[in-house]
Amino acid sequence: MNHIKLLFFATIRDRAGTKSMEMDIPADMTILQLKEKLGIDHPNLKESMKSVLVTINREYAFDEAVVPSNAEIALFPPVSGG
Amino acid sequence: MQTSNFPTIYSITESEIDLNDLLAKITLTSTGAAAIFTGMVRGVTSRGEAHETEYLEYESYIPMAEAKMKQVADEIREKWPIVEGIAIVQRIGKLYPKTPTVLIACTAAHRNTGVFDAARYGIDRLKEIVPVWKKEVGPDGQEWVEGDYIPKPGE
């Protein structure tokens, strides 16, 4: 199992009801599988997982990427700074 | 050209954006021009769906945002090697109409060097890849503003 930290921002944080959480996941889990798991564990997030952006250790990551151990994963909507 | 001596400033801040201070920091003895873009909270919007804004509440994934601002500055230097100083600052927190929220400034020896384009690229790119979000609060309630850019691998 891999231990990871999750961070949520903006709409995703509102729907998750928390800024962050820690969890243990299988060592070969991909971003796509992680999103599916979050949608099942937290039904409020299910709809958001279709369009969410994901980062691994502060770099944008995509569905097929495998989540490394001790990763800092962030989930958020498309950015709207400026 | 001693690129390594060229100042690059990038930060997420809760403090007021001080244009004069930033400009002084990116002005070298060889500098003769600065292109500055700043955005502010618009209280009354008429383009598109007309509405009023009481305030915007900004939040950021700060360590990643500052890393991505540095990446934007690196991209500017790659495309416009004539650019001397670069400042990229995003203010976060609760910000009211007329308040500056973001500033991108690029300096160069002369104005006809692409320095205007460099500053424009900076703000466009910030709005694509720097993780900052704003919630708009108005008389009819509040709503997160969502962008539409999906970063590609390597961004």
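In β9(B), Lys135(B) is the bridge partner of Glu57(B). This pair belongs to a predicted model, in which local features need pLDDT of at least 70, side-chain atom pairs count only at pLDDT 80 or more, and totals for chains, interfaces and linings use all residues. Residues are numbered from 1 along each chain as its sequence is written, while chains are lettered from A and ligands numbered from 1 in the order in which they are written. Helices (H or I, at least four residues) and strands (E, at least two) are DSSP runs, numbered from the N terminus.

The strands β7-β5-β9-β10 of chain B, in that order, form an open sheet with antiparallel pairing; two strands pair if DSSP finds at least two bridges between them. At the edges are β7 (93-95) and β10 (141-145) of chain B, each pairing on one side only. On average, neighbouring strands of this sheet are turned by 20° against each other, direction ignored. For such angles, axes are lines fitted to C-alpha atoms, for helices over the stretch in contact, and angles run from 0 to 180 degrees between N-to-C directions.

## Bridges within this sheet

Strand β5 (residues 55-60) of chain B is joined to β7(B) by three bridges, and Tyr58(B) stands opposite Gly93(B) in β7(B). Six bridges link β5(B) to strand β9 (residues 132-138) of chain B. Between β9(B) and β10(B) there are five bridges, and Gly138(B) has Gly141(B) in β10(B) as its bridge partner. A hairpin through two residues joins β9(B) to β10(B).

## A mixed sheet and its helices

Another open sheet of four strands in chain B has the order β1-β6-β8-β2, with mixed pairing. Its edge strands are β1 and β2 of chain B, and its neighbouring strands are turned by 5° against each other on average, direction ignored. Six bridges join β1(B) to β6(B), and these strands run parallel; Thr8(B) stands opposite Ile86(B) in β6(B).

Helix α2(B) packs on the sheet, touching β1, β6 and β8 of chain B, and its direction makes about 150° with that of β1(B). Helix α3(B) also packs on the sheet, touching β2, β6 and β8 of chain B, at about 145° to the direction of β8(B). Here two residues are in contact if their C-beta atoms, placed from the backbone, lie within 7 Å.

## Helix α3 of chain B

The 15 residues of helix α3 (residues 115-129) of chain B should span 21 Å at 1.5 Å a residue, and the end C-alpha atoms are 21 Å apart, which agrees. The expected span is 1.5 Å times one less than the number of residues.

The buried residues of α3(B) include Val115(B), Gly122(B), Arg125(B) and Ile129(B). A residue is buried if 20 or more other C-beta atoms lie within 10 Å of its own, exposed if 12 or fewer, and partly exposed in between, with C-beta atoms placed from the backbone. Seen down the axis of α3(B), the buried residues fall within an arc of 130°, so they line one face of the helix; the arc is that of the directions from the helix axis to the C-beta atoms. Those buried residues pack against β2 (33-40), α2 (62-79), β6 (86-91) and β8 (100-108) of chain B.

## An exposed loop residue

Ser15(B) is in the loop between β1 (8-13) and α1 (19-25) of chain B. Ser15(B) is exposed, with 9 other C-beta atoms within 10 Å.
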